[in-house]
Structures are given as C-alpha cells and as structure tokens.
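This briefing accompanies a sequence and its three-dimensional structure. Please view both before reading the points that follow.

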Amino acid sequence: MDTPVKIDIKDLNLFIGKNHILKDINVTIPEKKITVLLGQSGCGKTTLLKSMNRLIDLNNQVRVSGSITIDNEDILHTRKDITKIRKKMGLLSQRPYPLPMNIYNNIAFGLRISGRKNRINLDKRVERYLRQAHLWDEAKDRLRDSASSLSIGQQQRLCLARGLAVDPVIILADEPTSALDPISSMAIEQMFTELKQSYTIVLVTHILQQALRVADYVIFMYLGEVIEQGPAHEVFTNPKNVVTRQFIQGNFS
Amino acid sequence: MGFFQTKRNLRNNIHHGWMLICLVLVILMPLIIGLGLYYKSYPILSTHSLAELLFSSSWHPQSNKFGLLPFILSSLWVTLISLIISAPICLLTAIHLTQYARKWVLRLMHPVIDILAGIPSVIFGVWGILIIVPFVSNVVGPLFNKHLSGFSILSGSLVLSVMIIPFILNILIEVFRSLPTELTEAALSVGASKWQTVKYVLVKKAFPGIISAFGLGLSRAFGETIAVLMVVGNVTRIPTGVFQPGYPLPALIANNYGEMMSIPQYDSILMFSALVLFVIVTLFNLASRIAIVQVEKHH
Ligand SMILES: Nc1ncnc2c1ncn2[C@@H]1O[C@H](COP(=O)(O)OP(=O)(O)OP(=O)(O)O)[C@@H](O)[C@H]1O
Ligand SMILES: [Mg+2]
C-alpha cells in the first residue's frame, strides 16, 4: 500500500463465550482514507469495529488474542488509560444516541470531562464542531434545547460533532445512515468525504452503493473472517473471492 | 350452518361482554372503595370540620375530639425516613448489579429479591421486635446517650425500609436494564470513565424511572400496617424526633377497628382515617406519574 497504515490488526481472534466470532483477522487500515467494512449481517463487522476502541470490554464474556496497533501501540494489551485510547476515535452508531442533555452540552460533555472548562473556549469549540457537522445553522438558536428535540438526521450529525469534539484521529462509523432518509444519508456521506482530509475513517455498511460512492479501501468479511481486502476499485472491478464476487454481482442484478 | 354461526357469534359476544364487565369493574374499583369510605365517614364529616380532623392534634374520642394530626405526622415520619434509608441503598445496588456486576450475580439476586418481597409482613414485624427494637435500644440509644425502649419511629422506619427495598430495587433494576447499551458506548467513546458515564449519563437518562420507583415505594410504605405497628410504639403524640414512638394511620385503624365501638362516631373516624390514607397513597401515586411525564417531556 502506498499510504501510511493507521490501524494494523494482526491475528485477531475473538470469542464471545464459546462462540468464535472473529477468526484470524489480519487487516491494515490506511491513514486519512475511507475504509469500508462490508459483509452480510452477523459476520462480525460491529464486533471488529468495537474491538478497535475497546468497547468489547463491556461484555465480560469476550476473550481476545492478537494485536491491534494504532500509532505504534498495541491497544488491545496496553497498560495505558483506555479512555485515552477511546478519545482517539469518534464513534457513530447505527441509530443516533444523543446524551440526555441539551445540544450544547452534548458536545461540551466530552470536553468538560477531559478538563476543558473555560467557558469562552467551550463556546468556540461547540460552534466549530457543529459547523463541521453541518448542524450549526439549524441548531445555533436552540443550543439549550434538549438534544432529543432534533430530528433523527440532525441527531446523527450531532453525534458526529460530539465525536469530533474530543479531537480524535479516527472515526468509527457503524452503519451510520441506516436510520436516515436518503437526503440525510447523502449529507453524512458528503461529510465523510470532506472529513477524510484530516481523519482516518472506518465505515461499516451493507449498502453496496454507499461503499461504491465513498470507499477508498474495502475490507470484505464473511462468517467472522476477512475474505478480501484491497483498494476499492480493485475489489469492485476484479474481486478474487467467489463470495465477494457473488455479493457484488448479486447487488447489481 | 346459520344456527352454528349465530351460536358462535352469541358466544363471542358473551365472552366479550364478560371481559368488558371485568374491565369496568377493575377500573371502577378504586372509585367504589373511595366512595364507600366517604359514605362511611360522612357522619364524622357532618359534625367536625375537615380542618379540625386533619390538623388538630387533640385525640380524645371519649370527649368527641378527633384530631388525626399525630397519626398523619407519624405516618409521614416513618415513611420518609424509611425512604431516606432505602433509596440510596436501592440506587447503588441497582447500579452495581446492572453496570458492574457479572451477569450471574444479577441472576442470583433476582430470586433473592423475590424471596425478600414475598415474606409476609408479620414476619418482618417479629424480626423487628427481636432484632431491630433491641438494636435501637441497646446500640443506637447508648450512642446518643439516651435510654430508649426501642419502640420508635426509627425502628418502624428501619423495618419498613427493609420491606420496601425489594420493591424499589426490582423497579430500578428494570429501569437501568432498559437503558440502551449504545448510550453507555457513546459516553465511553468521548472519554468518560465508567463512573462518569453512570453519574452524568445513565442516572440522568433513568431519572424519570428513578422518581417513579421512589414514588411507588413511598406509597407502598405509607400503607404498610402490621410490621410497623409491631415496632413503632403506638403512642398518640406528635413525634418530634426519630427516637420517639409514633402511631401511624394504618396502625390506628388496625388496632382499633372492632374495638371501642361503643364510643359514638368512633367507627366513622376510623373510616375517615382510611379515607385519608387512601387519598394520600393515591396522591403519591399520581404525583410520581406526573413527575415521570414532566421529566420525560423535558428530555
Ligand atoms: N453480546 C453478544 N453475545 C453473544 N454473541 C454476540 C454478541 N454480540 C454479537 N454476537 C454475535 O457475534 C456475531 C457477529 O455480530 P456483529 O454484531 O459483529 O455482526 P454484524 O456484522 O455487525 O451484523 P449486522 O450487519 O447485522 O450489524 C453474530 O453472530 C452475533 O450473534
Ligand atoms: Mg452490526
């Protein structure tokens, strides 16, 4: 690969109880590109994503082996504070889950708990990230309103802004458009193509068209294994694996 | 053919009718009870003013003085203190069980809570007399340099708090379990620690549920009779401290109904006490529901 590697996953195996969920995963995710994770439902895309910011820790039945290296640090086995690792990554989930507070505080929350309490500074940052998520114009007059008063599409943009606010270098997005209407979905996609100037983006989707539109690099999963990976144009035009080929053709016919 | 058709329709209609009657009956039940109590307390209400009955502290049935204030205040004391004791215990336990403990701990706790909830209140009363009353008398008393019999508001509250813990805890566990994992994930992913997540996000999101759990616990506690009656002392006086005995409303009714009925209007004042109890418990219930609605609107 010609671009530098941001996330390097080696021999990752993950069990939930007795179930072998991720099998010998070896992938590299390039810096400041959009890497799309594709695969049918239940193949382990979400689990792989959650391994990267250690949200798998929430489930105490999970056992992992292997390594996930980000900036020369194995985040699976680090002794460092894991909240620091998590702050490197903004998370966008399938449906928006705004925090139970007002719009302003949804963004200020992450800043405050990491010690940035200066009011003027907070105001500035809240504005900056709302602008970056294209929500400022719609939200600037109602920053004190509850975040749940926003529409679903707006909430998802708020969640993006919330993630950006803690200065991540990576954005992990798990089917972020699946609850949104086509226009809001396009807005999010558009934003991702802007954001990749400064962030490494990992996007889970099972909408092939979306993958075609935004992917620079593709990872294809099947039943817990990575069966194909590579630059998007190569994988899409000339898939080597039978299942990948079927998936891509099946989506076109 | 036609005959069977009609018969089936008829049967359907009858079933439907019965269901409707049962439904209406259940809906009307509170109203019927309330009206019955009102009807029975009418004699006392026609000779004494409401204010006198509720806010006078002089209770001398022989001389026709029926001030319920000592009983109402005793009830409030016992109930509020039992909630103050049990609320933090329940909240912390529910948070621990749902957020920190392993799954099997919660699975183990469920039957334990159910067992606790199923213990008849008279057993709590006996336990109170055997353990709590001596504890208050021998341990708590000396601590404050006081000679206490142990039969007191405090004993009543302690027994009551143990009784309402399983009730409140069950609701709280459900409340915390129903919070979406994604919310926890969202908070963690912006760098919150587990405890910050619990404190600033989960408790806030669960707030309506927490309010309703406490409100329902409160109304449960307010009406509890036997166990409290056995340890609270039953002295007719406005309590001014937790070490003093009290005489809650339900105890008044349970102790005296069927006795001393020769005193004029005694029957009626007891019915009126029951009505007061009924109204207060209903108000607690309503208030906790309104609180939920308000808070949910806010979020
Ligand atoms: N908490 C859990 N306990 C047990 N099994 C789980 C748990 N979470 C996920 N799994 C299993 O792990 C496998 C992968 O799940 P995962 O959610 O990662 O799939 P996915 O590719 O994201 O699917 P989808 O496209 O439907 O979101 C599935 O077989 C699922 O049943
Ligand atoms: Mg998924």
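How far does a backbone N or O atom of A:Cys43 lie from an oxygen atom of ligand 1, and what is that distance in Å? In this predicted model, the distance is 3.3 Å.

**Ligand 1 and chain A**

- The residues around ligand 1 include A:Ser41, A:Gly42, A:Cys43, A:Gly44, A:Lys45, A:Thr46 and A:Thr47.
- Also among them are A:Asn59, A:Glu175 and A:His206.
- The side chain of A:Lys45 places an N or O atom 2.8 Å from an oxygen atom of ligand 1.
- For the side chain of A:Thr47, the corresponding distance to an oxygen atom of ligand 1 is 2.5 Å.
- On its own, ligand 1 has 640 Å² of accessible area, and the protein covers 60% of this.

**The two domains of chain B**

- Chain B consists of domain 1, residues 2-46, and domain 2, residues 53-298.
- Eleven residues of domain 1 of chain B and ten residues of domain 2 of chain B take part in the contact.
- The C-alpha centres of these two domains of chain B are 33 Å apart.

**The interface within chain B**

- Domain 1 and domain 2 of chain B bury about 910 Å² between them, with 78% of it on carbon and sulfur atoms.
- B:Leu37, B:Lys40 and B:Ile44 provide 61% of the area that domain 1 of chain B buries against domain 2 of chain B, more than any other three residues.
- Between the two domains of chain B there are zero salt bridges, while three residue pairs are in polar contact across the interface.
- On the side of domain 1 of chain B that touches domain 2 of chain B, eight residues are nonpolar, two are polar and one is charged.

Key:
Residues numbered from 1 in each chain as written. Chains lettered and ligands numbered in written order. Predicted model: local features only at pLDDT ≥ 70, side-chain atom pairs only at ≥ 80, totals over all residues. Heavy atoms only, no water. Domains from an automatic or database assignment. Contact = heavy atoms within 4.5 Å. Buried area = accessible area lost by both parts, 1.4 Å probe. Salt bridge = Lys/Arg side-chain N within 4 Å of Asp/Glu carboxyl O. Polar contact = N/O pair within 3.5 Å; in protein donor to acceptor, adjacent residues only side chain to side chain. Nonpolar A, V, L, I, M, F, W, Y, C, P; charged D, E, K, R; others polar. Near = heavy atom within 4 Å. Areas by Shrake-Rupley, 256 points an atom, 1.4 Å probe, with all protein chains shown as cover.
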